[in-house]
Amino acid sequence: MMGRPVRFGANRFLQVMLALYAAIWVVLAIRPVDRADWFLENLLVFTAVAVLSLTYRKFQFSNFSYLLLAIFLVLHAVGAHYTYAKVPAGFWLADMLHFERNHFDRLIHFAFGLLLAYPLREVLLRSAGAKVRWAPALAFIAIIAMSSFFEIIEAVIAQLVYPELGSAYLGTQGDIWDAQKDMIAAFFGAVVATALGPLLPRVATDASSR
Amino acid sequence: MKTAASKLKPKTVIAGLAVFCTLLWLLAAIHPLDRQAWALENILLVLFAITLVFSGSRLRLSNGAYICIALFVIVHIIGAHYTYARMPLGLWAEDQFGFSRNHFDRVAHFSFGFFLALPVHELLLRLSGLRRASSFWMTAALILALSSLFEIIESVVAEIVAPGVGVAWLGGQGDEWDAQNDMLCSFVGSLAMAMLVAVAEWKGKTE
């Protein structure tokens with residue numbers, strides 16, 4: 001089930017997962033806390049889904065990678081519904097552990113590093129020609145780079161579109177080191193994923209799947 | 001990089017660059033504007049130089065790559081001497097073009113991406129097994145990752161040395177988005193170099 005890629009028509013696992021994700025996404029698209037923010041957050045989802053479907057014929061991830069990507073997208077859908085700063089689970093966590101802010105967004109940054117390292121490793125090994133020894137390090141670098149790219153995009157949008165709103169729009173919740181902490185969260189996610197790497201299913205490269 | 005430099009013996013080029021950078025570094029070490037800031041700025045430079053010396057015998061880069069490294073080091077030596085925010089050229093540009101701040105640190109971040117992309121690209125091609133097209137993206141990613149690690153380390157150091165003052169102490173000069181803008185500069189720098197290398201290779205192929 002988790003092994004090498006299969007055609008979509010024959011991939012029951014992927015079909016069911018996609019249907020489940022679509023259902024969750026639709027439910028969370030109904031009456032989000034803030035529609036404009038929900039839309040902004042979902043630009044990322046539209047981009048990701050478009051890229052994944054358009055490249056599907058050329059490159060299919062393993063089902064394990066699709067599962068990780070789907071888990072991340074579900075977490076993001078929850079965050080987008082509640083505009084991150086207002087996710088109930090985050091408030092609960094803040095109450096329990098006496099945090100000063102809702103840390104659900106940090107959790108998602110961590111999840112980004114944790115869940116995307118494996119799919120990235122798969123692309124690097126199967127499509128980019130990376131050596132097996134180098135793949136985990138390169139995936140790690142790619143995670144950090146993507147995470148900081150995201151922070152840059154956020155900042156550019158904030159400076160161009162909402163100069164008067166500034167960091168409030170980004171949900172920094174008054175933290176001057178918000179960008180750095182977000183990147184640190186992704187960093188630790190990637191560290192854990194890299195450490196767990198040997199326990200995960202082996203990436204079936206073209207050479208080994210034949 | 002088929003320039004005049006590649007006809008010189010690598011050892012001559014490396015020795016020449018090393019001597020020049022060392023002399024400039026010594027000169028800049030005399031009376032820097034702020035000794036503490038200068039020392040902080042130089043920690044990474046010294047670590048980088050040590051790494052270069054010890055890896056040099058096993059990992060020989062091209063002359064072009066060493067020239068690029070030296071150019072970045074020169075920019076950083078000058079910036080550290082003036083604690084970046086008081087670099088005269090930046091102050092002049094601030095007056096001349098009405099910038100809100102001394103942008104010399106942004107020049108240095110761009111230089112970091114631009115000049116170090118060449119050695120990074122060479123190393124990736126030689127060691128990682130990445131295909132050529134992927135190696136360009138990975139070069140930009142590696143530069144961006146290094147740049148953000150630098151911003152993270154900076155913020156951690158800032159919280160330890162000057163808690164609360166934070167961004168101002170880092171030479172943000174009132175820029176709320178200092179970290180992101182710094183990273184953007186090095187990212188753009190690395191993409192510019194990647195494009196130059198791609199064009200040079202494409203020209204080399206068609207000639």
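## Helix packing around α6 of chain A

In chain A, helix α5 (residues 104-126) packs against helix α6 (residues 135-161) at an angle of about 130°, with the axes 8 Å apart. This is a predicted model, where local features need pLDDT of at least 70, side-chain atom pairs count only at pLDDT 80 or more, and totals for chains, interfaces and linings use all residues. Residues are numbered from 1 along each chain as its sequence is written, chains are lettered from A and ligands numbered from 1 in the order in which they are written, and side-chain values use heavy atoms, leaving out hydrogens and water.

**Confidence**

- The complex receives an ipTM of 0.85 and a pTM of 0.87 from the predictor.
- Chain B has a mean pLDDT of 86, with 92% of its residues at 70 or more; pLDDT is the predictor's confidence in each residue, from 0 to 100.

**α5(A) with α6(A)**

- The angle makes α5(A) oblique to α6(A) (under 35 degrees counts as roughly parallel, over 145 as roughly antiparallel, 65 to 115 as roughly perpendicular and the rest as oblique).
- The crossing of these two helices is right-handed.
- Residues in contact (heavy atoms within 4.5 Å) include A:Phe112, A:Leu116 and A:Leu120 in α5(A), and A:Ala139, A:Ile143 and A:Met146 in α6(A).
- By class, this contact holds 14 nonpolar, three polar and two charged residues (Ala, Val, Leu, Ile, Met, Phe, Trp, Tyr, Cys and Pro count as nonpolar, Asp, Glu, Lys and Arg as charged, and the others, Gly among them, as polar).

**α6(A) with α7(A)**

- Helix α7 (residues 178-196) of chain A comes within 9 Å of α6(A), axis to axis, and the two cross at roughly 160°.
- The pair is therefore roughly antiparallel, and its crossing is right-handed.
- Among the contact residues are A:Phe140 and A:Ile144 of α6(A), along with A:Met183 and A:Phe187 of α7(A).
- This contact divides into 10 nonpolar, three polar and two charged residues.

**Aromatic pairs**

- Over all chains there are 19 aromatic pairs (ring centres of Phe, Tyr and Trp, its six-membered ring, within 6.5 Å; planes under 30 degrees apart are stacked, over 60 edge-to-face and the rest tilted).
- One of them is edge-to-face: the rings of A:Phe64 and A:Tyr118 have centres 4.8 Å apart and planes at 85°.
- A:Phe64 sits in helix α3 (residues 63-81) of chain A and A:Tyr118 in helix α5 of chain A, so this pair ties together parts 54 residues apart in sequence.

Note on methods:
Axes fitted to C-alpha atoms, helices over the stretch in contact; angles between N-to-C directions. Helix = DSSP H or I, 4+ residues; strand = E, 2+ residues; numbered from the N terminus. Left-handed = near helix turned anticlockwise from the far one by under 90°.
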